[in-house]
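Here is a short report for someone meeting this structure for the first time. Keep the sequence and the 3D view open while reading.

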Amino acid sequence: MAEEEDRPASATKYVLITGGVVSGLGKGVTASSVGVVLKACGLRVTCIKIDPYLNTDAGTMSPFEHGEVFVLDDGGEVDLDLGNYERFIDVTLTRDNNITTGKIYQSVIEKERKGDYLGKTVQVVPHVTDEIKQWIQSVSTVPVDGQTCPADVCVIELGGTVGDIESMPFIEALRQLSFSLGKENFCLIHVSLVPVLGVVGEQKTKPTQHSVRELRALGLTPDILACRSAQPLIGSVKEKLSQFCHVPVENILNIHDVPNIWHVPLILRNQKVHEAIIKQLNFAGWHHKMYIRNKETSALSFCRSAGPPDLQDWTEMAESYDNLKNSVKIALVGKYTNLTDSYLSVVKALLHACVACSLKPSIQWIAASDLEDATATTAPAAHTEAWETLKGSSCILIPGGFGDRGISGMILAAKYARENKVPYLGICLGMQISVIEMSRNVLGLLDADSEEFNKDTPDRVVMYMPEVLIFPPIFMEESRDMPSYLRFDNGLSRYGNPPHVDERHRHRYEVNPSFVPMLENAGLQFVGCDESGKRMEIVELQDHPFYVGVQFHPEFKSRPRRPSPPFTGDALLLGNKLINLQISKFSGR
Ligand code: GLN
């Protein structure tokens, strides 16, 4: 047994990812990919994203500016990078895994008000930096992979670019942390850019040199450089970077452009990122003896041994993505279009579903407002193009959204899908749209609407959360953050027939239960609801190949190898009749 080898709770080691030169280098994908490789070595991995902005969380930030707001199991509304970590590393993170300046200052100010600082002058150093260190060390010990003992490695991604004023307290806290933990517990990977200039296409190292110098001036020295470039780096460039950046040449890694991001863990593995990290963090000494703590007895027992990364599955997945041939046009009718980041998880969930059934997704972005009648006069070309695109698509998806822009266009798209038997998936707002559309065009309730868009309508088919009965909602109020449990007896069978299904939510309005009987008579079946029976979770249209709306956001729990059932168009139980709807019913007619 393992008692004599007892592993201290503080044994979690850190891999910090910083970025230099420009933003948008893909630090999130690098952090996730490093996590994938380390996990494939047998190490248990957790992640932290640091966002140096003053917002306490991403919940109030516009998806237009900042990309989608990702929702976690605990209801945390966080940066989209946490979605990347969850999808790549297959972990379940908590809201505390996303640290922001807002959260840190809120906590420091609360402590100051309580008198915790005993009359001291409260300062960025040491109070804010101490708070950051404590937060990192405490959240890194929370297991995120369903096990009970802390992870072996915590990958920390520092948002922004080194040198930003906002990130200075974090850099200082991380410098102190690396110093106190020692090199064998703290590895720094700096992600940088090697641009190409001139007709001869020379790979330029100077921006990287400058950004490493900036980092070193702040007291942090990179152990590994991950250089982004269009083409693979040539050997002499690596040597030059090594010499001027004080990083061993074998630790100069290159992330060149790849056909799809699932290749990034593979190119890092090929360049032996795991060996560099394992050597630096001295895992080789003990990592072959890892222990797991028994919940009841607290005893540690031998768990497994770590070895070279096994990325067989991952390789097959990346290659199958490259080899997708049969393209399927999916119309995505939303408020923010052409902005993949605004609907990142929806796009990823579509990809997971398509890869599972060998289809190549071709997303047709349609601005909902372009479908509206009014646009026919104001911008006729855009209107015609939007309708041609919609009609030329194999299926239609209306994702979540807030506010009334484009709502009439979405209703027209849902009507088109219903009448023409085009596969339709409505997510959150998209489900509410299908209810409004049916109410207006089938039940003849011409003013049917959601309270969100028309507070005075007599036919509030979508209303402020029925059991809360407080109206109006406060602007930017926190969305509902509890998990919803769907009754199995008329829920989704392909979820594996559990007693209930747990999906993530982010909304304030729901279907008004008093309209349910009328809508059901008209053919819109409410096939999934919460255990109280009052909150409608899934609608499905009868006599239609696939017309499904879900109040929850299935995209947040979709994983590369576990696509979400609503996206794969899997079997739904409609009454007692099992309709086996295969992927083709949603992702391609
Ligand atoms: N705006 C709608 C609501 O608040 C839908 C939200 C969403 O789609 N995430 O209920």
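## A buried ring and its partner

F70 is buried, with a relative accessible area of 0%. That value belongs to a predicted model, as do all the others here. F556 is buried too, at 3% relative accessibility.

The two rings form a pair. Their centres lie 5.0 Å apart and their planes stand at 75°, so F70 and F556 meet edge-to-face. F70 sits in strand β3, residues 70-71. F556 sits in the loop between β25 (547-550) and α19 (565-568). The pair therefore ties together parts that are 486 residues apart in sequence.

## The chain as a whole

How many helices and strands does the protein chain have? There are 20 helices and 27 strands. The chain has 589 residues, and 57% of them count as buried.

Now take the contacts between residues at least 6 apart in sequence. Of these, 71% join residues at least 24 apart.

## Another aromatic pair

The aromatic pairs number eight. One of them joins Y14 and F186. This pair is tilted, with 6.5 Å from centre to centre and 35° between the planes. Y14 belongs to strand β1 (residues 13-19), and F186 belongs to strand β7 (residues 186-193). The pair therefore ties together parts that are 172 residues apart in sequence. Are Y14 and F186 buried or exposed? Both are buried.

Helix α5 spans residues 124-139, and helix α6 spans residues 168-181. They pack at an angle of about 65°. Their axes are 9 Å apart. The crossing of α5 and α6 is right-handed.

Which residues make the contact? From α5 come V124, V125, V128, T129, D130, I132, K133, I136 and Q137. From α6 come P169, F170, E172, A173, L174, Q176, L177 and L181. By class, the contact has eleven nonpolar, three polar and three charged residues.

Side chains of opposite charge can pair when their charged atoms come close. The structure holds 27 salt bridges.

D130 and K133 are three residues apart in helix α5, so about one helical turn separates them. D130 is partly exposed, at 28% relative accessibility. K133 is buried, with a relative accessible area of 17%. Both residues also take part in the contact with α6.

K183 lies in the loop between α6 and β7. The side chain of K183 meets that of D223 in a salt bridge, at 2.7 Å from N to O. D223 lies in the loop between α7 (206-217) and β10 (224-229). The pair links distant parts of the chain, 40 residues apart.

K183 counts as exposed, at 52%.

## A buried salt bridge and a network

E86 and R504 also meet through their side chains in a salt bridge, at 3.0 Å from N to O. E86 lies in helix α3, residues 80-89. R504 lies in the loop between β21 (502-503) and β22 (509-511). The pair therefore ties together parts that are 418 residues apart in sequence. E86 is buried, at 0% relative accessibility. R504 is buried as well, with a relative accessible area of 3%.

E86 and R504 belong to a network.

## A serine in helix α17

S434 lies in helix α17, residues 429-441. S434 is buried, with a relative accessible area of 0%. What does S434 touch, leaving aside its neighbours within four places in sequence? The contacts are Y424, L524, V539 and Y547.

Note on methods: Residues are numbered from 1 along each chain as its sequence is written. This is a predicted model: local features need pLDDT of at least 70, side-chain atom pairs count only at pLDDT 80 or more; totals for chains, interfaces and linings use all residues. Side-chain values use heavy atoms; hydrogens and water are left out. Rings of Phe, Tyr and Trp (its six-membered ring) pair if their centres lie within 6.5 Å; planes under 30 degrees apart count as stacked, over 60 as edge-to-face and the rest as tilted. Helices (H or I, at least four residues) and strands (E, at least two) are DSSP runs, numbered from the N terminus. Buried means under 20% relative accessible area, exposed over 50%, partly exposed in between (1.4 Å probe, protein chains only). Axes are lines fitted to C-alpha atoms, for helices over the stretch in contact, and angles run from 0 to 180 degrees between N-to-C directions. A crossing is left-handed if the near helix is turned anticlockwise from the far one by less than a right angle, and right-handed if clockwise. Contact means heavy atoms within 4.5 Å. Ala, Val, Leu, Ile, Met, Phe, Trp, Tyr, Cys and Pro count as nonpolar, Asp, Glu, Lys and Arg as charged, and the others, Gly among them, as polar. A salt bridge is a side-chain nitrogen of Lys or Arg within 4 Å of a carboxyl oxygen of Asp or Glu.
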